Amino acid sequence: MAGVGLAAVAAWVPRRSWSWAAVSLGPQRDFSPLLARKPQQVPRWLPACRPKTSVSFLKRPDLPKLAYKRLKGKSPGIIFIPGYLSNMNGTKALAIEEFCKSLGHAYIRFDYSGVGSSDGNLEECTVGKWRKDVLSIIDELAVGPQILVGSSLGGWLMLHAAIARPEKVIALIGVATAADGLVTQFNQLPVEVKKEVEMKGVWTMPSKYHEEGVYHIQYSFIKEAEHHCLLHSPIPVNCPIRLLHGMKDDIVPWHTSMQVADRVVSTDVDVILRKHSDHRMKEKADLQLLVYTIDDLIDKLSTVVN
């Protein structure tokens, strides 16, 4: 059972009260069994965790090589899909790896083309190309059914992957899911600013999460991303979906997760809001919620299979 391995994770997740609200848009579900698993000790914390798996590269004809790290294990496997310009060595990616080790489940984390250790020119990257990266990981590396965990832009791409590979993607967990995100942000700019970006060919978007304080986004990137927007119509994803979002998110409003929940055709959808969490959702209690959510889905899916 999935809950057995949680003791190992309790060695590094904190004991503190949770501050979140769950909004279920499907059949009523009881969260008490999940909450009952809260660890009873104040444990070690994540800085002790370090990436131990070696970097491998997925070679693809006529496409950039993708850097990835993989743990072999039982099904369902977990794949972490990072956010915009984020790499596979972020806090959430490593936390999930430690969790999967404790349960013996397969796990893959990777870098998009043009990002981190992967090949490719970032200026030539698009949402469509990164979508292909995700599908390459699923098709070439993942064995058996998979739970996708998408962070920010990765949450947008996980929806596309679920649409394209419904036979292999059996559940989704979005963290600050940025469906249509950059396109929506751009369209909210004043008309004169959008015209200036179109003329210059670059959108200089302020960001406190980038060391330069801004992202330099090609106008062509925004226009290409428009072809991958999902919120304008029903999203044909039928698997269980869990959407985690911080209400202090000043990059992607938490209402976006509500829109996704409304648009997907799946009836098994939960939106979990953390009142004091920001866009990154990388604090101790955020990570605790994330691994509990994965554990709960594994348990649910195992029960259905059995």
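Modeller: In the protein chain, 75% of the contacts with a separation of 6 or more are between residues 24 or more positions apart. Contact here means heavy atoms within 4.5 Å. This is a predicted model: local features need pLDDT of at least 70, side-chain atom pairs count only at pLDDT 80 or more, and totals for chains, interfaces and linings use all residues. Residues are numbered from 1 along each chain as its sequence is written, and side-chain values use heavy atoms, with hydrogens and water left out.

The protein chain has 10 helices and 11 strands. Both are DSSP runs numbered from the N terminus: helices are H or I with at least four residues, strands are E with at least two. Of the 306 residues in the protein chain, 53% are buried. Buried means under 20% relative accessible area, exposed means over 50%, and partly exposed is in between, with a 1.4 Å probe and protein chains only.

The part to look at is α4. This helix covers residues 127–140, which is 14 residues. From first C-alpha to last, α4 reaches 20 Å, close to the 20 Å expected at 1.5 Å a residue. The expected span is 1.5 Å times one less than the number of residues. The buried residues of α4 are Val127, Gly128, Trp130, Asp133, Val134, Leu135, Ser136, Ile137 and Ile138.

Now its packing. Two packed helices are described by the angle between their axes and the distance between the axes. The partner is α5, residues 153–164. The axes of α4 and α5 come within 10 Å and cross at roughly 60°. That makes α4 oblique to α5. Axes are lines fitted to C-alpha atoms, for helices over the stretch in contact, and angles run from 0 to 180 degrees between N-to-C directions. Angles under 35 degrees count as roughly parallel, over 145 as roughly antiparallel, 65 to 115 as roughly perpendicular, and the rest as oblique.

The crossing of α4 and α5 is right-handed.

Which residues meet across α4 and α5? From α4 come Val127, Trp130, Arg131, Val134, Leu135 and Ile138. From α5 come Leu153, Trp156, Leu157, His160, Ala161 and Ala164. Val127, Trp130, Val134, Leu135 and Ile138 are also among the buried residues of α4.

Key. Left-handed = near helix turned anticlockwise from the far one by under 90°.
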